[in-house]
Amino acid sequence: MTFLHRVVTLSRSRKFDWYPEASWVVCAFGAIQVFIVVLVLMSLGHPSRAFAANSDLETVLTGSRQRIEKLDYRVTGRLTRVEGDGKRTSYKFAAKAHWFPDGLRVLFEISEPGLEKTSVLLHMTANGHLTIEAMLPGAKAASVLPFERWNEPLMGTDFSYEDMVESQFFWKHQELLASDKYGARDCFVLKSVSGSEDRSYYDSVTSWIDRSILYPVHVVKTLRGTGLQKEFIYYGLRQIGGAWSASQVEAKLQGKPGSSILVIEAGSGKANLGRKDFDMGQSSDQNEKVK
């Protein structure tokens, strides 16, 4: 017992150290364990925040995609380019859209007195893959618009062919940024990033989406290669037949004076459209009755 007592006493002494290297390893290992425990506790400290962020992202994407998947409209209106000095050039347009089992179809037709009509048919699948056909003035038939032309100004406006659909909500890479206000509206801020599988002239699209109605009120698109930004502002939000829409959209290209405005003058949110309504060879009457 005396011997054991002396061993215990010596082991507690600061001067007694059989293996100093082993003690250092034990201390270091203990510190690592403590560090790991702290990290785990920190990660568990706000589980509700991580869950809420994922839940909000799911809410925004589901709401935005469902809104597009329910589209069935026919509208008429004006497309106007406003120069920096105030000069205006306006065109009449008619548009219709419907989500079919193979995706969304949008037919956009623009005309002005004395000139031939320009027709653009856009088809977007459920994974955001986009194809565009166009019948331009002088052409006898519609043809696929090559990707190199998707970013061309539509009738000299700030809207491009690609801007006629909201394909960004169907891209794979989506990130929810910090919530923000746009004007008086509380908004989710969604950043959609195009991947190698997405045919788009935009690197990313950031959307300010009203939290209460899940409709965009402000969108900023960043062009690939140049970093230039194009801004879209949505005015006159209204609910027709249970679906939200904007009565006016303004587009502005960074560094370019003036802007372009698309105004909806009349339309129906439940047009009951079929495949035949998207036949580009079929003549469309700009004065076609809409509700």
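Leaving aside its neighbours within four places in sequence, with which residues is Asp-277 in contact? The legends below take up this and other close-up views of a predicted model, in which local features need pLDDT of at least 70 and side-chain atom pairs count only at pLDDT 80 or more, while totals for chains, interfaces and linings use all residues. Residues are numbered from 1 along each chain as its sequence is written, and side-chain values use heavy atoms, with hydrogens and water left out.

View 1. Beyond neighbours within four places in sequence, Asp-277 is in contact with Arg-74, Lys-96 and Leu-107, where contact means heavy atoms within 4.5 Å. Asp-277 is buried yet has no salt bridge, and the nearest side chain of opposite charge, that of Arg-74, is 4.0 Å away. Buried here means under 20% relative accessible area, exposed over 50% and partly exposed in between, with a 1.4 Å probe and protein chains only; a salt bridge is a side-chain nitrogen of Lys or Arg within 4 Å of a carboxyl oxygen of Asp or Glu. The side chain of Asp-277 also reaches the backbone nitrogen of Gly-274 at 2.7 Å.

**View 2. Strand β9 (residues 202-210) and its pairing partners.** Eight of the nine residues of β9 are buried, so this strand is largely enclosed by the rest of the structure. Strands are DSSP runs (E, at least two residues) numbered from the N terminus, and two of them pair if DSSP finds at least two bridges between them. Strand β8 (residues 185-193) runs antiparallel to β9 and is joined to it by seven bridges, with Ile-209 of β9 as the bridge partner of Phe-188. Strand β10 (residues 216-223) also pairs with β9 in the antiparallel sense, over seven bridges, and Thr-222 in β10 is the bridge partner of Ser-204. Five residues separate β9 and β10 in their hairpin, and Leu-214 in the turn has a positive phi of about 55°.

**View 3. The largest nonpolar core, with 54 residues.** A nonpolar core is a set of buried Ala, Val, Leu, Ile, Met, Phe, Trp, Tyr and Cys residues joined through side-chain atoms within 4.5 Å. Among the residues with the most contacts inside this core are Phe-93, Leu-104, Phe-159 and Tyr-234, and its largest share, five residues, comes from strand β2 (residues 88-100). Apart from this core lies another, of eight residues, including Leu-121 and Phe-278.

Methods:
Helix = DSSP H or I, 4+ residues; strand = E, 2+ residues; numbered from the N terminus. Lys, Arg positive; Asp, Glu negative; His and termini not counted. Polar contact = N/O pair within 3.5 Å; in protein donor to acceptor, adjacent residues only side chain to side chain.
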